[in-house]
Amino acid sequence: MQSAEILLQPGVFPRLLQGLWVTVWIAGVSVGASVPVGLLVGWLMTLRNPIVRAVMRVYLDFIRIMPQLALLFLAYYGFARWFNWNLDATGACVLVFVLWGGAELGDLVRGALTSIPKAQYESAYVLGLGPWQTFARVILPQAVRRMLPASVNLATRIVKTTSLAVLLGVVEVIKVGQQIIDVNRFQYPDGTLWVYGAIFFMYFIVCWPLSIVARRLEKRWANG
Amino acid sequence: MFDWTFVERYAPFFVSGTLMTLFISVFGILLALAVGLVCAGVDTARIPVARQIVRVYIELSRNTPLLVQLYFLYFGLPKLGIVWSAETCAIVGLGFLGGSYMSEAIRGGLEAVPDVQRETAYVLGLSSMQSLSRVVLPQAVSTAVPGVVANVIFLIKESSVVSAIALADVMYMAKDLIGMYYSTYESLFMLVVAYLVILLPVSLFGTWLERRFDYAKR
């Protein structure tokens, strides 16, 4: 049990927090960039054009069926050879998370947009609103309500999935943890348990508030 | 460019990796279903202390990544004297993560059945066992199936992470062959094919199952 002191060594906790910051940064950038991509994909999916539809279908299904780790491999190893495009590990992660988040969010946007009854559009026109006003004042507020709880849940999943970045060699919280374990191998042979335990709770503390927000929104806007 | 003879030579590796992925996934999913059933049961039956424990477990398991859970099981637990093989860790990890997702799906199904249904069953003279098996469960299953199927697919995908604790699954094979022979095209091609072969049938079967079980909504 005295191995728990490894966490109290000078520099250990601040370093873990620095690692966590890298994790949160990748997740934040990915979630942020997913929003415009998702809106665009969602809008494209509501179009009637058969070619656009087919392309979106293939894009969404492929992203849905491949494990995120496989997508990371495709981006990190594959792109380097296909296009001579040497993404660094962080770049590959952000690219994959944006493509994945954009696809999932796009499907939520599509669902929300198509679930709004036609009568809403027609009533807005009858009341004299222009097409842009109709979208911004009538359709969007309702669509956002319908998709927000699931979108916040998606954000939690993106934060959790950034843990895979370590497998491409990004120095984030897990990698920092491994370094701390290695350095203190002789002084604290049982450090593994405590360091991985601490990382476990760090992820929990980042993701849990998001889960709570999602659940609150779901309850409040159940029949929005 | 693309080397078919390489694919032919190393396809058996990918087949064995795919079998490992399937093995871990099947047992992990079964464990997740068992955990999920127990948790959903405890939660809907409102058993005092057990219910709070279940809630804590669900929050912990849903809000932490599988990779960290696996590292904790595989590298951390031996320090407490609990030494499990990589296979056991992978199955327990998937069960731990999937249990909470399954529980939410099953609970959703049970809660979707209105109380009136149970009361009506009693009034009609059915015993509590009969009302559960003939009235409540069939309707609960119909609501729970889409969620359970989505979780099955989610867990098979998540199983790709077990390569990180040196389990020779399909992900591990791809990484190995890229590292040894720089055979990026061929390895990634076989990786994509392997996951399509596993997940497309599951996804199609899931859609069929949903249609088969949507009698409550008709």
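In the predicted model, a salt bridge joins Glu59(B) to Arg215(A), and the closest N and O atoms of this pair are 2.7 Å apart. Side chains of opposite charge can pair when their charged atoms come close. Between chain B and chain A, the count of such bridges is one.

On the side of chain B that touches chain A, the elements giving two or more residues are helix H2 (48-62), helix H3 (66-76), helix H4 (86-111), helix H6 (128-158), helix H7 (170-181) and helix H8 (184-212) of chain B. Of these, H8(B) provides the largest share, with nine residues. When the residues on this side of chain B are sorted by class, 24 are nonpolar, eight are polar and six are charged.

The extent of the interface can be expressed in residues and in area. In terms of residues, 38 from chain B are in contact with 40 from chain A. The size of an interface is often given as the accessible area lost when the parts come together. For chain B and chain A, the area buried between them is about 3600 Å², and 73% of it lies on carbon and sulfur atoms. Three residues, Asn63(B), Lys157(B) and Tyr185(B), supply 17% of the area that chain B buries against chain A, which is more than any other three residues supply.

Two packed helices are described by the angle between their axes and the distance between the axes. From H6(B), the contact involves Val145(B), Pro146(B), Val149(B), Val152(B), Ile153(B), Ile156(B) and Lys157(B). H8(B) contributes Ile198(B), Leu199(B), Val202(B), Ser203(B), Gly206(B), Leu209(B) and Glu210(B) to this contact. The residues of the contact comprise 10 nonpolar, two polar and two charged ones.

Over all chains, the structure holds 14 salt bridges. One of them links Arg57(A) with Asp61(A), whose closest N and O atoms are 3.2 Å apart. Both Arg57(A) and Asp61(A) belong to helix H2 (residues 50-65) of chain A, where they are separated by four residues, about one turn of the helix.

Conventions:
Residues numbered from 1 in each chain as written. Chains lettered and ligands numbered in written order. Predicted model: local features only at pLDDT ≥ 70, side-chain atom pairs only at ≥ 80, totals over all residues. Heavy atoms only, no water. Contact = heavy atoms within 4.5 Å. Buried area = accessible area lost by both parts, 1.4 Å probe. Salt bridge = Lys/Arg side-chain N within 4 Å of Asp/Glu carboxyl O. Nonpolar A, V, L, I, M, F, W, Y, C, P; charged D, E, K, R; others polar.
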